[in-house]
Amino acid sequence: MINYQSTLQAVPLNWYILVSLTLFCIGTVGIIYRRNSIVIIMCIELMINSVNLLLAAFSAYNGNADGQIFVFFIMVVAAAEVTVGLALIVVMYRNINSTDISLFNNLKW
Amino acid sequence: MIRDIFIFLSVLALFSAVMTVFARNLVHSILYLILCFFAIAGHYLLLNAEFLAIVNIIVYGGAIMVLFLFAVMLLNLNKTKQITLSRINLFAAVISGGTLLLVFVAAIKKNSFTVTPAALSSDFGSVKMLGKILFNEYILPFEISSILFLSAMIGSIILVKKEHR
């Protein structure tokens with residue numbers, strides 16, 4: 001088994017911040033770039049996960065387990081959000097036979 | 001040793017995240033997303049959060065990914081026309097994402113977090129300890145989240161149900 005204290009000694013907190021911020025920015029790039037609405041929801045999941053990783057890292061380095069509870073609740077909300085989002089995409093697909101986000105413009109103006 | 005594991009998991013997570021965004025096939029994109037979630041679960045294990053690692057694999061690697069794959073299979077996307085991606089969109093996305101990353105990195109550089117890690121108790125992040133916290137201090141949000149789940153379930157069923165005219 002790994003001695004967990006050694007992770008915190010070996011890896012500086014800045015590295016965790018950098019990794020999760022990079023993941024967040026990749027998710028942003030995906031949301032702007034892709035036009036398939038399913039991929040956009042996946043990129044939102046990616047961003048949520050990067051924030052989860054950041055919270056878990058802060059929680060471990062602070063020695064306070066409340067951050068992990070927050071991550072748990074974020075996961076709960078993310079699961080509910082994905083369920084409703086995919087249902088919405090299925091409904092919109094029935095109407096216009098596509099998942100292209102630029103065609104979902106009936107409520108735009 | 002642990003630093004090597006960290007670097008490997010980070011590179012795996014970043015690579016699969018990039019492939020999620022840029023893979024042309026939707027199913028490939030979902031599979032890369034699963035890979036990314038597993039790498040993040042490995043990060044949780046490194047961070048002494050075993051409960052989060054297990055929940056991450058069950059919820060994201062299991063439930064949400066099955067949901068995505070089911071949606072893709074139900075929609076039958078191969079018959080519809082391929083969505084074309086413009087190059088100018090790519091430039092706009094990469095420039096704005098890179099600028100965001102630049103701002104973040106500058107903010108970290110400005111006040112670098114030189115923390116001395118707190119001493120962890122041996123059962124930090126274990127199911128037992130998190131369960132005690134969850135059911136003592138956070139019992140009300142826990143119950144409210146069950147109502148949230150119920151409403152999400154009912155809402156998605158009502159949305160997807162065929163309308164009878």
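On the α1(B) side I listed the contact residues as B:I2, B:I5, B:F6, B:L9, B:L12, B:A13, B:S16, B:A17, B:M19 and B:T20, and on the α2(B) side they include B:Y32, B:L35, B:A39, B:G42 and B:L46. Sorted by class, this contact has 15 nonpolar and 5 polar residues, with no charged residues.

**Confidence**

Before going further I noted that the model is predicted. Chain B averages a pLDDT of 86, and 91% of its residues score at least 70; for the complex, the predictor gives an ipTM of 0.89 and a pTM of 0.89.

**Domains of chain B**

I looked up the domain assignment next, which gives domain 1 of chain B as 1-79 and domain 2 of chain B as 122-165. Their centres, taken over C-alpha atoms, are separated by 22 Å, and the contact takes 4 residues from domain 1 and 5 residues from domain 2. On the side of domain 1 that touches domain 2, I recorded 2 nonpolar, 1 polar and 1 charged.

**Chain B against chain A**

I then turned to the interface, in which 73 residues of chain B are in contact with 67 residues of chain A. At least two residues each are supplied to the chain B side by α1, α2, α3 (50-75), α4 (87-110), α5 (127-136) and α6 (139-160). Which helix of chain B gives the most to this side? I found that α3(B) does, with 12 residues. By class, the side of chain B that touches chain A has 58 nonpolar, 14 polar and 1 charged residues.

**Helix α3 of chain A with two helices of chain B**

I followed helix α3 (residues 37-62) of chain A, whose axis comes within 11 Å of that of α2(B), the two crossing at roughly 5°. That angle makes α3(A) roughly parallel to α2(B). Among the residues making the contact are A:V39, A:L46, A:N49 and A:L53 of α3(A), together with B:L26, B:I30, B:F37 and B:Y44 of α2(B). The residues of this contact divide into 13 nonpolar, 3 polar and 1 charged.

With α3(B), I found that α3(A) packs at an angle of about 175°, the axes being 12 Å apart, and this makes α3(A) roughly antiparallel to α3(B). The contact is made by A:I38, A:M42, A:E45 and A:A56 of α3(A) and by B:L52, B:I64, B:F68, B:A71 and B:V72 of α3(B). I counted these by class as 8 nonpolar, no polar and 1 charged.

Going back over the lists, I noted that A:I38, A:M42, A:E45 and A:A56 are also named in the contact of α3(A) with α2(B). I noted too that B:S29, B:L33, B:C36, B:I40 and B:H43 of α2(B) are listed in the contact with α1(B) and again in the contact with α3(A).

Notes. Residues are numbered from 1 along each chain as its sequence is written. Chains are lettered from A and ligands numbered from 1 in the order in which they are written. This is a predicted model: local features need pLDDT of at least 70, side-chain atom pairs count only at pLDDT 80 or more; totals for chains, interfaces and linings use all residues. Domain bounds come from an automatic or database domain assignment. Two residues are in contact if their C-beta atoms, placed from the backbone, lie within 7 Å. Ala, Val, Leu, Ile, Met, Phe, Trp, Tyr, Cys and Pro count as nonpolar, Asp, Glu, Lys and Arg as charged, and the others, Gly among them, as polar. Helices (H or I, at least four residues) and strands (E, at least two) are DSSP runs, numbered from the N terminus. pLDDT is the predictor's confidence in each residue, from 0 to 100. Axes are lines fitted to C-alpha atoms, for helices over the stretch in contact, and angles run from 0 to 180 degrees between N-to-C directions. Angles under 35 degrees count as roughly parallel, over 145 as roughly antiparallel, 65 to 115 as roughly perpendicular and the rest as oblique.
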